[in-house]
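Colleague: I have a model open and want to learn how to read it. Can we go through it feature by feature?

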Amino acid sequence: MPEYKKKKHSKLAAKPKRVKKSRIKPKEETAEIKMAPTLKRKRPSTPKEKMKVVKGNKGENLRKLKIGAIAAAVVILIVALFQIFLPVGVFDSISNALSLIGSGSYPIELEGTQTLNCVNKNSYYYILSNSHISAYSNSGKELFSYAHGFENPVLKTSSSRALVFNQGSNQVLIFDLAKLKSNIKTEKPIITAAISDSGAYAIATYSDKYATAVSVYNKRGKMVYEWYSAEDTVNNVAISPNGKKIAVSTFSAGVGKFNSKISVLGFKSPTAEWSESFDGSLVYEIDSTHPSYFAVATSNKVKFVRWSGYKTKVYENEYNTAFFRAGKGGYIAVFNRDNDKTDNRIAFFNKSGKLKAEIKYNGILSDIRTYGGHIYCMSETDISLINKEGEVIRDASCGFGAIKIAVRSSNSVAVITDNKIEKVELERE
């Protein structure tokens, strides 16, 4: 076995020399060496640095929402204004306006053998014959013509609609200026009817349980109100221009006389909001052409009643009522003596029933109209334009057979016979 011994080292022995590194710098290159740039290495981001605040589209969406809300409010306001001035609705009003575009010519041949009625509007007029309901613009353009086929046709109008019903039967037709809008059948025979500027309409019929029933419908044909007269018979009905109230006249026969009553009804109660009795007199007509007041014509009296508040104005004459017409700017009434049809009193009223003129007129009146503050009278074969003082400003001959007139312009009228319409120009006196 080898023998190992620990060697002894002298503490004085020389330590090994430390090798010194050379401090001599290497020679620098005298030539300039262009170095390519080195790409910096991106330091890895920390989780905190990766988080960013993202605003998104919230502000932009809010801005668009505000613009949309403002635009919607403007549209609603415009529609509301249109509804005030165009109660029947924007689209129907546009349709009526478009129908009036264009022109026609005179003379016009009429269908039917007997002219029953003519209603003069501002820029057009309706003619009801024994077989047709027609409408014409003042220029002579035919707007529509429809064969109604009624035995006893009656025409009622508003600023936007025409209603024709078969009195004593059960059918009602409603038109705008372009076409037939509604064909309505009732269960009971019709006494009378009316239509408003809003398109709402009312129909009075006989009833099994009561003397008369009055039904009110909106312009879409939905019933909104029904009223019954237990004993008296309804002979006139009018509906307010906004379609929210009706005025009804009823009558009963006493000992040798008629007693009448006018009632105004809202649609929330069968109880009248306002009423008035006319003893010994029959109500001939209720007219709601103008917006604020409705007019009531009796045997020798004209009464104007405000739809709101029921303020009244009355005009009475000693003669009997012969004509009552609504026209552009107001109403006109003619009263004449029973035994002398040439002795006439003409009363001219504004839209609210204020008396504007009283005129004495000598001659047999066939028809009368008002337009632009003037009065147009047809007497047998002559037409006269008179002012509020009763002075004849213009006149013209209309020939034989004239039944009705419609005012086309301040100096021109349409003369209607049983079979045609002719244009007549009024010449200065």
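Colleague: What share of the contacts with a separation of 6 or more joins residues 24 or more positions apart?

Modeller: Start with the term. A contact means heavy atoms within 4.5 Å. In this protein, residues 24 or more positions apart account for 38% of the contacts with a separation of 6 or more. Keep in mind that this is a predicted model, where local features need pLDDT of at least 70, side-chain atom pairs count only at pLDDT 80 or more, and totals for chains, interfaces and linings use all residues. Residues are numbered from 1 along each chain as its sequence is written, and side-chain values use heavy atoms, with hydrogens and water left out.

Colleague: How many helices and strands are there?

Modeller: Helices (H or I, at least four residues) and strands (E, at least two) are DSSP runs, numbered from the N terminus. The protein has 3 helices and 33 strands.

Colleague: What percentage of the residues is buried?

Modeller: Buried means under 20% relative accessible area, exposed over 50%, and partly exposed in between (1.4 Å probe, protein chains only). Of the 429 residues, 42% are buried.

Colleague: Which residues touch the most other members of the largest nonpolar core?

Modeller: The general idea comes first. In soluble globular proteins, nonpolar side chains tend to be buried together. A nonpolar core is a set of buried Ala, Val, Leu, Ile, Met, Phe, Trp, Tyr and Cys residues joined through side-chain atoms within 4.5 Å. Here the largest one has 15 residues, and Tyr126, Ile133, Leu155 and Val164 touch the most other members. Strands β3 (124–129), β4 (132–137), β5 (142–147), β7 (162–166) and β8 (171–175) each supply at least two residues. β3 gives the most, with 3 residues. Look at Val164 too: its contacts include Leu128, Ile133, Leu155 and Phe175.

Colleague: Why is β3 described as largely enclosed?

Modeller: In a regular strand the side chains alternate between the two faces of the sheet. So check each face. On one side of β3, Tyr124, Tyr126 and Leu128 are buried; on the other, Tyr125, Ile127 and Ser129 are buried. β3 is largely enclosed by the rest of the structure because 6 of its 6 residues are buried.

Colleague: Which strands pair with β3?

Modeller: Strands of a sheet pair through backbone hydrogen bonds, either parallel or antiparallel. Two strands count as paired if DSSP finds at least two bridges between them. β2 (residues 115–120) and β3 pair in the antiparallel sense over 5 bridges. Thr115 stands opposite Ser129. β3 and β4 are also antiparallel, over 5 bridges. There, Tyr124 has Ser137 as its bridge partner. Both pairs are hairpins: 3 residues lie between β2 and β3, and 2 residues lie between β3 and β4.

Colleague: Is Asp343 buried or exposed?

Modeller: Find Asp343 in strand β24 (residues 340–350). Asp343 counts as buried because its relative accessibility is 9%. Now look for a polar contact: a pair of N or O atoms within 3.5 Å; within protein, one must be able to donate a hydrogen and the other to accept it, and residues adjacent in sequence count only if both atoms are side-chain atoms. The side chains of Asp343 and Arg337 make one at 2.8 Å. Asp343 also touches other residues, including Phe335 and Tyr361.

Colleague: Where does Glu318 lie?

Modeller: Glu318 is in the loop between β21 (312–316) and β22 (320–327). Its relative accessible area is 71%, so Glu318 is exposed.

Methods
Lists of a residue's contacts leave out its neighbours within four places in sequence.
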